[in-house]
Amino acid sequence: MSRMALVENVVAMLEDAGFLVSDRCAVRPKSFDLAARRGEDLLLLKVLGNVDALDAGTGEEMRRLGEYLEATPILLGLRTRNEELKPGVVYFRHGVPVIHPDTAYDLFVEEVPPLIYAAPGGLYVSIDGDVLSDEREQRGWSLGKLAKELGVSRRTVSKYEDGMNASIEVAAELEDLFDRPFSNPVDVLEGAEEVRDAEPTPDAPDADPDDHHVVAVLSRAGFTVHPTERAPFKAVGEDVAEQRMRVLTGHSEFTKSAEKRARLMSSIGRVTRTQSVYFTESDARKESVDGTALVSCEELAGMDDPDEIREVIRERGTEPKEA
């Protein structure tokens, strides 16, 4: 299956599941292909046939954007270089959860979350230790008795009851012994943080030198500016004082390419509930593109009042609608 066909299938699946889906990111650089929202669940999705093609820099950017936009970065793919991805299993690449499209269908359409995750050494599940302890005690089994049944040490059983994860083989044996499952679902929509190694969000890149004057004015106006490195927008601006108002920003000469990027920013903004603004080095002869406000750098240089900047963005752009 071609990557384009795979992306189209993912879009159709998400729309069937009730997600609002952005236009595909067809400009470079890009760290994600689609933004999708259903209620409060916001996803930033990368779609690849071979998930090993996700490099560390792109994974870091996806995780940063997830933090800035309160979204979950997810990679959907079919295989690694060595094997096909197994449906129902959550993998990880550079801190980003990775799932097969069939797993995504089960999760988003059928509302059946995955139970298994991959880690060095094999496949594992998260055991509900409290339930396991209750079931063992109701049977009158000691830690040693259960350990003998499983072929593990008493200390290992104690760790399972304290919350240590188990191999799928142990999980299957427990289910057979007690005639009930003990596995907790992997919370993909929270980034599967409970099962992947704790990794701090990577530091943001420095702003492009060509963008310093834009960043300086926005910063003086009260915005915290998060530069991006591999996104279809130059930065995410956050005005904490204004109820966490967020804006996606672009900056360049106003060319056909810039206009295309501004349209894409509008689509992403509608899904992420952010406003978008494109700062132009020349007069664009219009005030907006599909809801993305256009502001010349000459105008911006004369704006020091935060309220004035917000008002211009709102007047020329489109307020994000609830999705």
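## Close-up views of a predicted protein chain

View 1. Of the 323 residues in the protein chain, 51% are buried (buried means under 20% relative accessible area, exposed means over 50%, and partly exposed lies in between, using a 1.4 Å probe and protein chains only). This is a predicted model, in which local features need pLDDT of at least 70 and side-chain atom pairs count only at pLDDT 80 or more, while totals for chains, interfaces and linings use all residues. Residues are numbered from 1 along each chain as its sequence is written, and side-chain values use heavy atoms, with hydrogens and water left out. The protein chain has eleven helices and 16 strands (helices are DSSP runs of H or I with at least four residues, strands are DSSP runs of E with at least two, and both are numbered from the N terminus). Along the principal axes, the C-alpha atoms fill a box of roughly 80 × 45 × 35 Å. Among the contacts in the protein chain with a separation of 6 or more, 61% are between residues 24 or more positions apart (contact means heavy atoms within 4.5 Å).

**View 2. Here helix α5 meets helix α7.** Helix α5 covers residues 143-150 and helix α7 covers residues 168-178; the two pack at an angle of about 115°, with their axes 10 Å apart. Axes are lines fitted to C-alpha atoms, for helices over the stretch in contact, and angles run from 0 to 180 degrees between N-to-C directions. On the α5 side, look for Leu146, Glu149 and Leu150; they meet Val170, Glu173, Leu174, Leu177 and Phe178 in α7. The residues of this contact divide into six nonpolar, no polar and two charged. For this grouping, Ala, Val, Leu, Ile, Met, Phe, Trp, Tyr, Cys and Pro count as nonpolar, Asp, Glu, Lys and Arg as charged, and the others, Gly among them, as polar.

View 3. Is alanine 147 buried or exposed? Alanine 147 is buried, with a relative accessible area of 3%. Leaving aside neighbours within four places in sequence, alanine 147 is in contact with Val152, Ser153, Arg154 and Val157. Now look for valine 215: alanine 147 and valine 215 are 68 residues apart in sequence and 60 Å apart in space, C-alpha to C-alpha.

**View 4. Six strands form an open sheet with mixed pairing.** Follow the strands in the order β11-β12-β13-β14-β16-β15. Two strands pair if DSSP finds at least two bridges between them. Strands β11 (224-227) and β15 (288-289) stand at the edges with a single partner strand each, so one side of each has no neighbour in the sheet. Helix α11 (residues 306-316) packs on the sheet, touching β12, β13, β14 (275-280), β15 and β16 (292-296). The direction of α11 makes about 130° with that of β16. Within the sheet, strand β12 (residues 235-239) and strand β13 (residues 245-252) pair in the antiparallel sense over five bridges.

**View 5. Strand β4 runs beside strand β3.** Why is strand β4 described as largely enclosed by the rest of the structure? Strand β4 spans residues 72-79, and seven of its eight residues are buried, so the rest of the structure largely encloses it. Strand β3 (residues 41-50) and β4 pair in the parallel sense over seven bridges. A handy landmark is asparagine 50, which stands opposite arginine 79 in β4.

**View 6. Threonine 103 sits in helix α3 (residues 101-108).** This threonine 103 is buried, with a relative accessible area of 2%. Not counting residues up to four places away in sequence, threonine 103 touches Lys86, Pro87, Gly88, Val89 and Pro114.

**View 7. Two loop residues have a positive phi.** Histidine 94 has a phi near 50°, a positive value in a residue other than glycine. Look for histidine 94 in the loop between β5 (89-93) and β6 (96-99), where histidine 94 is partly exposed, at 36% relative accessible area. Aspartate 179, also not a glycine, has a positive phi of about 55°. This aspartate 179 lies in the loop between α7 and β10 (183-184) and counts as exposed, at 70% relative accessibility.
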